[in-house]
Amino acid sequence: MNYRLALDLGSTSLGWALFRLNADKEPAALIKAGVRIFSDGRNPKDGSSLAVTRRAARMMRRRRDRLLKRKSRMMRTLIAYGFFPADEAARKALEQLDPYALRAKGLNEAITPGEFARALFHINQRRGFKSNRKTDKKDNDSSALKAAIQQLHAAIDPQGREGKPRTVGEWLHQRNKQQQTMRARFRQERVPGEEGKIRIEKSYDLYIDRAAIEAEFDALWSKQAELNPAQFNETAREELKDCLLHQRPLKPVVPGRCTLIPEEPRAPLALPSQQRFRIYQEVNNLRILGDRLQEQSLSLDQRNKLVAELDCQSKLSFTQIRKLLRLPGTTQFNLEDAKRQEIKGNITGAILSKKDLFGPAWGRFDEARQDAIVMQLLTEENEACLVRWQQEQTGVDEARAEALANVSLPEGYGSLSAKALARILPELRREVVTYDKAVQAAGFEHHSNISHAATGEILPELPYYGEYLQRHVGFGSGNPSDPPEKRFGKIANPTVHIGLNQVRVVVNVLIKRYGHPSEVIVEVARELKQNKEQREKAQQTQASNQKRNERLRQEAAAVLQCSPELVRRSDIEKLILWEELSPNVANRCCPYSGVQIGKEMLLSDRVEIEHILPFAQTLDDTLNNKTVAMREANRIKGNRPPWEAHADFEAQGWDYESILSRAQQMPAKYYRFCEDGLQKWLREDKSFLARALNDTKYLSRVAREYLSLICPQGTRVIPGRMTAMLRRKFGLDGNAKKCIPGVLRLIGEKNRNDHRHHAVDACVIGVTDQGMLQKFAQASSSAREKQLDRLVETMPLPWLTYPEHVRRAINAIWVSHKPDHGYEGAMMEETSYGIRRDGSIKQRRKADGSTGREISNLIRIAEPGQLQRHGVDAEGRPLPYKGYVGGSNYCIEITVNDRGKWEGQVISTFEAYLIAQQDGLHQLRHPTLGQNGKPLVMRLMINDSVRLEVDGMLKIMRVRSISPSGQVFMAPIHEANVDARNRDKTDTFAYTSKIAGSFQKARGRRVTISPIGELRDPGFKE
């Protein structure tokens, strides 16, 4: 069938519509429309990827597992070499010895092998902090952690001069005798400063590093080997030292794939060859504009002269370029405008050629050597190894080598690999040619031919996107036996990854049902071409912001004493928000605590960027919702609007009237500090989030390339602005006589509380053609006012009955929700509760004396290895000592009893884990029996669809939540934003709730809706 497929692709939705095409390839009828709803793979509270939460928990588990494995290995090794006795009771007896005393005693006299083992096993418990120069280089020498380590080393002398302890163990022994703390306690103290200012002083009571631990091991072993060489032999020393000090190397960051050679990784931006590639690319594109704006490229000599100057500087302004090339001061360049006044140079070379680093010697290294040096700086984790390498390979002295180890180079990766750069860079150097010509001269295909779709081959269906869109995905395993995501890699953005997979699911079902589409149209969330006045206004705004940012960058560099290129975006944002605090510098104070903030304090970690209204509740990450505040004040405020934290502020002596007074200096933000600030913000239409829009833009670009695999010559994108205008014109708004009830309301305003509005947009997207796009682009470019509106007013309908076709198609939609029947999820909440021996739960009392939330579904945890500590019950079983509240419910199983009545049993996620672990997945999802052994009627999970009688009508509902008591809360499948609307007391919407018995009375049954909206109803069964 000859048809056109239209897609309205969002971050959590896919609206689609199929149009039959006539002989002229124009849409003549609407065949079918539908909506697919899915998760964006992000935490709804803060918008972060769900993988982040899972990764953090996994890191904690792995860290604990590694600790236990290290202790187990140490135990085995000590037993194997005869230090620890093999008998467990004998080892337990050694626990009574004071390890600190043994660590000090072993430096002076012989100790028994068991005593040495007791001391070493104690050292192994906390073996000290080991810095990694790649992850810790942002820490400075004045940080609390490094200051504490420096104090430790200053207090110790290996020779014991001036009565100082020789090792960290001896030092701890002295502290223990004086009853001083033995743990690294972090402290923050409010210290009065100059002119009554309050500053926060951070410190550690003590902090031990790995080097001090290694020195103590060597000192202890050396003394004992001198007194007992047979026991303390070299073989035992090597293995025990490795047990104690072995550090697992960090997993390296794998960059993305090269655009031109997908099997190669992208090269770092700091690589000198990457810097030079960018310089040649820009300079070869530079054109001198004549009196009549005719363009003239640079001569080869001019180009080489300019490149040579840029290669030794971080940037050159166009004024400097004119002087360098001896051009008149009135000369203009094509790259020069109000928002761009310079060309970036070789930032890496400018940094490394500083006099305290390589100096002039940097320029004497050949290019391959420079690349090798920079790669070593970027990849080597161990600072000592890097210093030694620099001294041996480059000839610098120790001071310069240490300075190089701490240098900060540009971060990130380019789009090409080192191999691609090596082929393209010579072509860019040879002549003054543009990048696209250099790419072809280097033997690569033109960029427009990189995609598989450029071959014209039509695939039978959409494959997993990573197989063909290799330029966009990370590296996979390449193992054919692995699942596609692992084998081919995937896009890191979870929203894009899930969205493309859902496109594949829906489109492949449509292809199976209707055949290949002749055309595919995807809506892109971007603006149309702006007219002259709009371009100039936007350019002026951008130029103003750029000048401001450059000014702030220079100011931040002066305060931080670093190169301007290394100033972070967050530092510039801090300065922007700092200037908003008050026009008067003297009045720029923390809005909450009132502490005056100077520039030095601002750019330290004592001051933080803070969301005024909680990001978790608004997802508003714009500067309008941000300010700068003292770190302490930000912690006290927490994830609350300012008013909700006012009691805690006042407990600190921060009067709320003073907070409002300071907030008045920021007129545009003042309302956010008020009591009803959040309510005022929520009354505005903020549901279409900036994050979702950004995801949609990228998703649409990638989706176009993806969909070209099944329709290479007929896939195109259209701008989203057109959709709203055409929707009004075509009578698909709330004021039209034949509008679609409930889906669209006011003129131009979509009802985002109805999922079917995505299909309405797809119906509009599908009737746009290239001619219409050109008309809109021309109208948008015109300087005449309301040209777009007049164009729309004279636009005819695609066909006479088009609105009626849309209305009929929308009303026939069964919205499809992506199911998730996996039991993997959060088994319990994060807060742990202590349990007394009598079984009661420990809870902190609130200020009013109440014990807080009522806890009924506590998952109790026991430890069989700690029977003496936690106790046993009358039958000798270990007593639980802590518990966690169940995090979620996996499903509800509705079974039928002997009397023919339906009963409900809720299976929590924790219980589902246990069932799957002990009895297997088949038992968890048994098709005919519930976990209670009774005949299964249906098993319901979140987002499952149910058909039942509600208020005398047969309706299809979607399961939204399941309570522990067995109550199922549901909403119609087309309703959106249901959780927020159900909580809103002013909204007429409310969940429908049923228990097992009422499901039976309502003739309920579980139904399925396919990805393209086909309903499968097995019918009601008694």
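In strand 23, Met953 is the bridge partner of Val950. Strands here are DSSP runs of E with at least two residues, helices are runs of H or I with at least four residues, and both are numbered from the N terminus. The model is a predicted one, in which local features need pLDDT of at least 70 and side-chain atom pairs count only at pLDDT 80 or more, while totals for chains, interfaces and linings use all residues. Residues are numbered from 1 along each chain as its sequence is written, and side-chain values use heavy atoms, with hydrogens and water left out.

Strand 22 (residues 945–950) pairs with strand 23 (residues 953–962) in the antiparallel sense over six bridges; two strands pair if DSSP finds at least two bridges between them. Both strands belong to an open sheet of six strands, ordered 25-24-23-22-26-27, with antiparallel pairing. Strand 25 (992–994) and strand 27 (1015–1016) stand at the edges with a single partner strand each, so one side of each has no neighbour in the sheet.

Two packed helices are described by the angle between their axes and the distance between the axes. Axes are lines fitted to C-alpha atoms, for helices over the stretch in contact, and angles run from 0 to 180 degrees between N-to-C directions. The axes of helix 1 and helix 4 come within 10 Å and cross at roughly 165°. Helix 1 is therefore roughly antiparallel to helix 4, a term for angles over 145 degrees. Their crossing is right-handed, meaning that the near helix is turned clockwise from the far one by less than a right angle.

Helix 1 (50–80) and helix 4 (113–125), together with helix 2 (88–94), each give two or more residues to the lining of the second largest pocket. A pocket is an open set of points on a 1 Å grid over the protein atoms alone, with protein on both sides within 12 Å along at least five of seven lines; lining residues have an atom within 4 Å of a point. The volume of this pocket is about 740 Å³, a volume being the space filled by probe spheres set on the points, which are joined across faces, edges and corners. Of its 16 lining residues, Lys71, Met75, Lys92, Glu95 and Phe121 are the closest to the centre. The lining comprises five nonpolar, four polar and seven charged residues; Ala, Val, Leu, Ile, Met, Phe, Trp, Tyr, Cys and Pro count as nonpolar, Asp, Glu, Lys and Arg as charged, and the others, Gly among them, as polar.

Conventions:
1 Å grid on protein atoms, 1.4 Å probe; cavity = no way out; pocket = protein on both sides within 12 Å on 5 of 7 lines; lining within 4 Å. Parallel < 35°, antiparallel > 145°, perpendicular 65-115°, else oblique.
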